[in-house]
Amino acid sequence: MRKLVVWMLLFAGIALGAAACASSGSSSMSGAAPASNVTGTWTGTYVFEPSSAGNGLATLVLSQDGSNVKGNLNVQGPHRFAPAVINGVMSGNDIRVTGPDLTGWMKVNGNQMTGLINGVLPVRVTLTKQQ
């Protein structure tokens with residue numbers, strides 16, 4: 001359970017979050033300039049795989065400096081923990097999320113961000129940018 005909580009903290013990261021390639025399961029980082037500005041507040045849901053592991057609501061507040069993305073993730077659901085810090089690198093509309101215990105991809109499409117983050121358990125994230 002503790003590893004699950006640690007993973008969730010790092011998942012905050014969702015912001016960052018990436019069904020970045022939900023259809024293909026992979027993404028290419030070509031080093032392209034960011035095509036999107038993800039600065040702002042993103043809200044939505046997360047679902048573990050398997051879904052029996054839980055789901056809930058997520059709020060991700062991001063800032064972007066060039067291709068570098070940072071943020072704080074708060075979640076509401078069966079897993080309670082302090083806000084997590086997220087770091088990522090953006091190329092085109094893809095965000096590569098890294099951390100000591102997680103990896104993943106987020107894909108930005110307009111005001112939607114989806115992704116798959118791999119930690120102790122994979123988690124799918126779907127977020128919408130708030131105005």
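How many helices and strands are there in the chain? The chain holds one helix and eight strands, where helices (H or I, at least four residues) and strands (E, at least two) are DSSP runs numbered from the N terminus. Their order along the sequence is α-β-β-β-β-β-β-β-β.

This is a predicted model, in which local features need pLDDT of at least 70 and side-chain atom pairs count only at pLDDT 80 or more, while totals for chains, interfaces and linings use all residues. Residues are numbered from 1 along each chain as its sequence is written, and side-chain values use heavy atoms, with hydrogens and water left out.

**Surface and burial**

The accessible surface of the chain comes to about 6,300 Å², and 51% of it belongs to carbon and sulfur atoms. Areas of this kind come from the Shrake-Rupley method with a 1.4 Å probe; for residues, only the protein chains shown count as cover. Of the 131 residues of the chain, 40% count as buried. Buried means under 20% relative accessible area, exposed over 50%, and partly exposed in between (1.4 Å probe, protein chains only).

**Strand pairing**

Two strands pair if DSSP finds at least two bridges between them. β1 and β2 run antiparallel and are joined by eight bridges; Thr 41 has Val 61 in β2 as its bridge partner. The hairpin of β1 and β2 has six residues between the strands, and Gly 54 there takes a positive phi near 125 degrees.

β2 pairs in turn with β3, in the antiparallel sense, over nine bridges. Opposite residues in β3 include Val 75, which faces Ala 58, and Gln 76, which faces Leu 57. The hairpin that β2 and β3 form has two residues between them, and Gly 66 in the turn has a positive phi of about 65 degrees.

β3 and β4 are also antiparallel, joined by six bridges. Leu 73 stands opposite Ala 84 in β4. Ile 86, also in strand β4, is buried, with a relative accessible area of 1%. Ile 86 and Leu 73 are 13 residues apart in sequence and 7.1 Å apart in space, C-alpha to C-alpha.

**Nonpolar core**

In soluble globular proteins, nonpolar side chains tend to be buried together. A nonpolar core is here a set of buried Ala, Val, Leu, Ile, Met, Phe, Trp, Tyr and Cys residues joined through side-chain atoms within 4.5 Å. The largest such core has 21 residues, and Val 38, Trp 42, Ile 95 and Met 113 have the most contacts inside it. At least two residues of this core come from each of β1 (40-48), β2 (55-65), β3 (68-76), β4 (84-91), β5 (94-99), β6 (102-109), β7 (112-118) and β8 (123-129).

Contact means heavy atoms within 4.5 Å. Beyond its neighbours within four places in sequence, Val 38 is in contact with Leu 62, Gln 64, Val 69, Met 90, Ile 95, Val 108, Met 113 and Lys 129.

**Aromatic pair**

The structure holds one aromatic pair. Tyr 46 and Phe 48 form this edge-to-face pair, with 5.9 Å from centre to centre and 85 degrees between the planes. Rings of Phe, Tyr and Trp (its six-membered ring) pair if their centres lie within 6.5 Å; planes under 30 degrees apart count as stacked, over 60 as edge-to-face and the rest as tilted. Both Tyr 46 and Phe 48 are buried.

| Side-chain pair | Polar contact |
|---|---|
| Asn 93 and Ser 36 | 2.4 Å |
| Asp 94 and Lys 107 | 2.8 Å |

Asn 93 lies in the loop between β4 and β5 and counts as partly exposed because its relative accessibility is 29%. Ser 36, in the loop between α1 (2-11) and β1, counts as buried at 17% relative accessibility. Asp 94 is found in strand β5 and is buried, at 6% relative accessibility.

Leaving aside neighbours within four places in sequence, Asn 93 is in contact with Ala 35, Ser 36, Met 106, Lys 107 and Val 108. Asn 93 and Val 108 are 15 residues apart in sequence and 5.1 Å apart in space, C-alpha to C-alpha.

Methods: A polar contact is a pair of N or O atoms within 3.5 Å; within protein, one must be able to donate a hydrogen and the other to accept it, and residues adjacent in sequence count only if both atoms are side-chain atoms.
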